[in-house]
Structures are given as structure tokens and as C-alpha cells.
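Trainee: I am new to this one. Can you walk me through how to read it?
Mentor: Gladly; let us take a look.

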Amino acid sequence: MSAPSAVPPAPLEVRDARPERVDLPFGPEQRVSQLLPALSKVVKEPSGIVFHPGRGTLFVVGDKGDVAELTREGEVRQRTRHDNLGFEGITVGPDGRLFAIEERKKPRIHELDPETLKLKGEYEVDTKLKGERVVGKTGNKSAEGLCYVPEQDAFYVVNQSPAWLVKLRVPLDKKEGKAKALEAVDLSSAVRQQASDVHYDAATGHFLITESGAGLEKGAVHEVTREGQRVGGFSLPGVRAEGLALDGAGRAYIADDAGGVLRIER
């Protein structure tokens with residue numbers, strides 16, 4: 001009896017693991033509404049904002065140490081203030097963990113408990129890479145935003161001026177330690193003046209870098225590749241567009257350092 005013929009294995013189906021990109025809501029048809037008014041005391045001088053997919057809410061931080069959790073309609077779920085801390089950016093890390101960055105001579109990343117907003121960990125950020133300073137040492141020239149990139153299990157901090165995007169390895173298995181600088185990308189070809197936040201777009205693998213208008217002109221958001229090449233951008237509403245968040249459903253949120261939180265949609 002002849003041996004059965006070998007059946008070749010079925011070809012592997014390769015799928016793009018990236019989510020489908022939702023168009024950004026910026027442009028002439030955008031609709032802007034206020035979640036927090038400019039004079040709100042919930043978060044003074046808002047500087048960072050992030051959407052938490054697991055909770056379906058927004059977390060906002062401010063220069064005076066304020067932290068608040070809001071619904072996408074602006075209802076305040078919880079709030080607190082950490083005195084003597086000045087938060088500039090916030091992001092959601094692995095397993096829904098929450099991290100905020102503080103601007104100072106040696107910036108620090110703080111882990112916050114999403115349930116209570118209490119501090120859980122602290123990591124000092126490397127300011128130099130191969131002897132070159134990539135995170136500024138003076139006020140308004142240092143760490144301004146933070147994001148997490150799941151595919152790399154890495155954080156990125158954006159330096160305000162000069163504009164640098166710095167990749168960090170953070171020892172999340174410990175409650176404290178050093179956030180080690182691994183790479184630095186020069187953003188000067190995209191950012192004209194000073195960067196104010198960074199958001200990672202998993203659908204494209206690109207970064208969205210906000211640039212505050214500092215009250216003198218409109219702010220902007222620049223879409224850049226991992227190599228720092230600008231591939232698009234939009235102007236932003238508000239006076240001082242410091243923080244940017246996207247909720248995955250076509251809405252964007254701006255933390256305005258002059259006060260308040262804006263929602264942008266079409």
C-alpha cells in the first residue's frame with residue numbers, strides 16, 4: 001500500500017495587530033465644548049490629560065499637584081491634590097496603571113492609584129544620554145509630557161525646549177528606581193517653539209506632539225514618526241494647549257494651562 005501523500009501546511013494568516021485608526025476631529029468642522037470651565041478649581045493650571053480605556057474616564061493633572069478623574073461629559077468622579085508636586089503629563093501604562101510626570105531639575109515619574117489617586121511609586125528620569133543632556137534642567141524647558149508604547153513596553157517623555165522625544169525604560173517591578181534613557185529623537189524639524197505633550201497613536205505607530213501657543217498664537221498638534229519626521233498636523237483651540245487625549249471614539253480632549261478642559265468632536 002502506498003504511503004499517504006504529505007499535505008502541505010496551510011499558510012499562516014498574517015494580520016495587522018494595529019487597531020483601525022479613527023480620524024482626528026481637528027479642522028474646520030470641529031465642535032469645541034468645555035468639560036471644565038477656565039476658572040474651575042477642580043484642577044488648577046491643567047497640564048496633562050489621558051483617557052483610561054479600562055475605566056472609560058479621563059484623568060487630568062495640573063501644575064499645582066491637582067489630580068482629577070472626570071467622565072467624558074465632565075462629571076468629577078474624584079479629585080485630590082499632592083502638595084509640592086507639579087505635574088506636567090499623565091499616561092496609562094501596562095495593566096491600566098496610571099503614571100504622571102513632574103517637571104523639576106531631575107524630573108520624576110509618579111505612579112498613581114486609579115482607584116484612590118494616592119501615590120504608589122516614584123522613578124527619577126535620566127536627563128542625559130551618552131553624555132548629552134536631552135531633558136532640560138530649568139523650569140519651562142524640561143519634561144512636559146509622558147506616554148506609554150505597549151509594543152515596546154517603554155515610556156516616552158517629551159522635553160519642552162529644545163524639543164526632544166526620549167525613550168525610557170522604567171523598572172515597574174519596583175516602587176522606586178531610575179527611568180533609564182535609551183534613545184532620543186530631535187523634534188526640531190516638527191516643533192517650531194516648544195513641545196507641551198506627547199500622545200502615542202497605536203493605529204499608526206506615530207506620536208502626536210502638542211505645541212502650546214503660549215497665549216500668543218494658536219496651539220498645534222504635530223503628527224511625527226518615531227524618527228521625528230513630521231507627516232501632518234492641525235491647529236488647536238484654546239489659549240495654552242498643554243495636554244492632549246484621544247478616547248478612541250473620535251473625540252479629543254485638551255488640558256488648557258490657562259484653565260479648563262476642552263472636548264473636540266465632529
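**Strands and rings**

Mentor: This is a predicted model. Start at a turn: in the hairpin of strand 2 and strand 3, four residues sit between the strands, and Gly-56 takes a positive phi near 70°.

Trainee: How many bridges join strand 2 to strand 3, and which way do the two run?
Mentor: Six bridges join them, and they run antiparallel. Take Gly-48 as a case: its bridge partner in strand 3 is Val-61.

Trainee: Is strand 2 enclosed or open?
Mentor: A residue counts as buried under 20% relative accessible area. In strand 2, residues 46-52, seven of the seven residues are buried, so the strand is largely enclosed by the rest of the structure.

Trainee: Now the rings. How many aromatic pairs are there?
Mentor: The structure holds five. Planes over 60 degrees apart count as edge-to-face. Phe-99 and Phe-155 have ring centres 5.1 Å apart and planes at 75°, so this pair is edge-to-face.

Trainee: What does the pair of Phe-99 and Phe-155 tie together?
Mentor: Phe-99 lies in strand 7 and Phe-155 in strand 13, so the pair ties together parts 56 residues apart in sequence. Phe-99 is buried at 0% relative accessibility, and Phe-155 is buried at 2%.

Trainee: How do Tyr-156 and Phe-207 pair?
Mentor: Their pair is tilted, with 4.8 Å centre to centre and 55° between the planes. Tyr-156 is in strand 13 and Phe-207 in strand 17, so parts 51 residues apart in sequence are tied together. Both residues are buried.

Trainee: Which residues do ring pairs link into a cluster?
Mentor: Phe-99, Tyr-148 and Phe-155.

Key:
Residues are numbered from 1 along each chain as its sequence is written. This is a predicted model: local features need pLDDT of at least 70, side-chain atom pairs count only at pLDDT 80 or more; totals for chains, interfaces and linings use all residues. Side-chain values use heavy atoms; hydrogens and water are left out. Buried means under 20% relative accessible area, exposed over 50%, partly exposed in between (1.4 Å probe, protein chains only). Two strands pair if DSSP finds at least two bridges between them. Rings of Phe, Tyr and Trp (its six-membered ring) pair if their centres lie within 6.5 Å; planes under 30 degrees apart count as stacked, over 60 as edge-to-face and the rest as tilted.
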